[in-house]
Amino acid sequence: MIRQVFFGPLIQTNDKEELIIKESVAVFVDNGKITRILENSKDYEKDFQFERKIRDEIKVLSHGQFMMPGFIDAHTHAVQFPNLGLGYNKCLLDWLETYTFPLEKKYSDTEFAERVFETVVKRTIKMGTTTACYFASLYADACAILAKKTAKLGQRAFIGKVNMNIPRDDGYCESTLTSIVDTIGFIKSIEIIGNPLVKPIITPRFALSCDMELMQKLAEIAKTKDIHIQSHVSENKDEIIAVKQAFPHLPSYTAVYDAAGLLTNKTILAHGVYLEDSELAILKERGTAVIHCPSSNTNLKSGLCDVQRLKANGIKVGLGTDASGAATYSMLNEMRSVLQVSNCLFLTRDNYTPLSYKDVFHMATLGSAKALAIDDKVGNLMVGKEFDALIVDMNAEGSLLDNFKEYTLEENFQRFIYAGDERNIVSVYVKGKQVK
Ligand code: GUN
Ligand code: FE
């Protein structure tokens with residue numbers, strides 16, 4: 001048994017989406033699980049003499065440091081790493097054809113996959129992402145490589161083998177049979193890795209790359225194996241028109257996925273910029289979450305997603321970078337994009353309440369955990385959950401945040417959210433194990 005204790009300030013949100021700031025707590029962790037949290041313990045030496053003898057790690061945070069839950073990037077593309085920052089002069093469908101698909105086709109080369117995925121997982125961990133929900137690759141071998149990397153480097157992850165059976169001239173597609181056989185094979189390969197932190201997720205790319213038969217078969221696999229599902233929905237106006245043309249007998253984009261049986265309480269759909277009221281009603285009914293991807297939505301000029309409307313309609317909302325729709329895997333950056341988009345809506349609409357830094361912090365942590373239905377394990381630091389946490393240091397080496405005056409803990413937290421970067425994230429823990 002590995003026993004740890006962490007002393008210091010703690011900042012997180014609760015189920016009511018409130019920001020909870022504690023100046024001094026002791027978090028006790030046994031084999032990665034939080035077993036006890038004591039508040040207002042100032043005299044560590046005296047109070048924990050006994051603990052000192054039985055703990056393998058005792059971490060006392062220094063002045064300017066605080067603990068917080070790790071970031072949960074609920075939608076990102078591992079294969080698109082080499083394209084960060086490329087092609088934002090285009091809109092979604094052109095960008096996919098010109099930049100994204102040609103790059104993704106290269107992952108039939110497993111050596112290339114190895115090199116890229118090693119960097120992606122290291123990079124996302126460095127940015128403070130303790131859980132990542134990845135679109136991996138069309139190719140099952142490449143997907144297995146990503147799963148092994150996350151297991152090796154200690155990141156909690158959902159890995160999706162991308163499914164695309166609509167024929168394409170460039171051959172970046174697969175038959176229905178290959179799609180299903182490879183998906184089942186990939187799920188087996190994750191079972192063989194046998195790491196409880198790494199899970200498969202069924203991943204029909206979007207309604208323009210899969211036919212109804214394939215989507216139904218994938219839904220069946222998800223149901224039989226009780227696993228998660230992810231896709232894209234209602235991201236761009238031209239895309240929505242094309243989906244309506246491809247499925248003329250169905251009333252909406254969301255209705256296509258619903259007809260396939262893909263919408264469950266373990267399904268997450270990225271973007272959801274233009275969802276109609278009838279679609280929100282379906283998502284609420286099914287318990288399906290929307291993952292907000294504001295950087296990608298603005299880079300590709302897809303649109304401004306109204307998160308307040310989604311929340312008011314009872315939809316769970318998580319946060320995702322959607323890299324390389326976003327130019328970085330940074331969840332800190334993504335939180336700022338949420339605020340920028342929300343502020344734009346405030347400036348252009350009547351009676352719009354903009355989101356606050358507390359709201360975006362919730363989205364990046366417990367909000368994403370709830371969207372992925374893993375909030376029994378992660379999202380905040382509570383007894384019974386696992387210790388997925390960051391230690392933030394306002395005085396870290398190379399930090400851009402100078403201390404010309406005294407700041408309260410809440411002020412420092414605000415400064416981190418708006419102006420900090422990964423250099424302020426000095427330690428990253430996943431299930432108690434230090435991964436940065
Ligand atoms: N829709 C289908 N595929 C993709 C993708 O790779 N990125 C984004 N942003 N949207 C998509
Ligand atoms: Fe995406």
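Author: Let's start with one term: a residue is buried under 20% relative accessible area, exposed over 50% and partly exposed in between (1.4 Å probe, protein chains only). Serine 295, with a relative accessible area of 5%, is therefore buried. This is a predicted model: local features need pLDDT of at least 70, side-chain atom pairs count only at pLDDT 80 or more, and totals for chains, interfaces and linings use all residues. Residues are numbered from 1 along each chain as its sequence is written, chains are lettered from A and ligands numbered from 1 in the order in which they are written, and side-chain values use heavy atoms, with hydrogens and water left out.

Reader: In which helix is serine 295?

Author: Helices (H or I, at least four residues) and strands (E, at least two) are DSSP runs, numbered from the N terminus. Serine 295 sits in helix α11. Its C-alpha atom is 9.1 Å from that of methionine 335, although 40 residues separate serine 295 and methionine 335 in sequence.

Reader: Where does proline 200 lie?

Author: Proline 200 is part of strand β10, which covers residues 198–204. With 12% relative accessibility, proline 200 counts as buried. Between the C-alpha atoms of proline 200 and histidine 228 there are 7.4 Å, and along the chain the two are 28 residues apart.

Reader: How do I read a metal site, and which residues coordinate the iron ion (ligand 2)?

Author: You look for donors: N, O and S atoms within 2.8 Å of the metal (3.2 Å for Na, K and Ca); water is not among the atoms, so sites may look incomplete. Here His75 (NE2), His77 (NE2), His232 (NE2) and Asp322 (OD) coordinate the iron ion (ligand 2), at 2.0 to 2.2 Å. Along the chain, these donors have the spacing H-x1-H-x154-H-x89-D. Histidine 77 belongs to strand β6 (residues 71–77) and histidine 232 to strand β11 (residues 228–233), so this pair ties together parts that are 155 residues apart in sequence.

Reader: Are histidine 77 and histidine 232 buried or exposed?

Author: Histidine 77 counts as buried because its relative accessibility is 2%. Histidine 232 also counts as buried, at 7% relative accessibility.

Reader: Why is the arrangement around the iron ion (ligand 2) irregular?

Author: Four donors count as tetrahedral if all angles lie between 85 and 135 degrees; four count as square planar and six as octahedral if opposite donors are over 155 degrees apart and all others between 65 and 115; anything else is irregular. The four donor atoms around the iron ion (ligand 2) subtend angles of 92 to 164°, and that makes the arrangement irregular.

Reader: Which backbone details can I look for in the loops?

Author: Lysine 301, in the loop between α11 (294–299) and α12, has a positive phi of about 55° although it is not a glycine. At 44% relative accessibility, lysine 301 is partly exposed. Lysine 431, in the loop between β16 (425–430) and β17 (433–434), has a positive phi near 45° and is likewise a residue other than glycine. Its relative accessible area of 31% makes lysine 431 partly exposed.

Reader: Which peptide bond is cis, with omega near 10°?

Author: The one from alanine 323 to serine 324. Serine 324 is placed in the loop between β14 and α13 (331–348).
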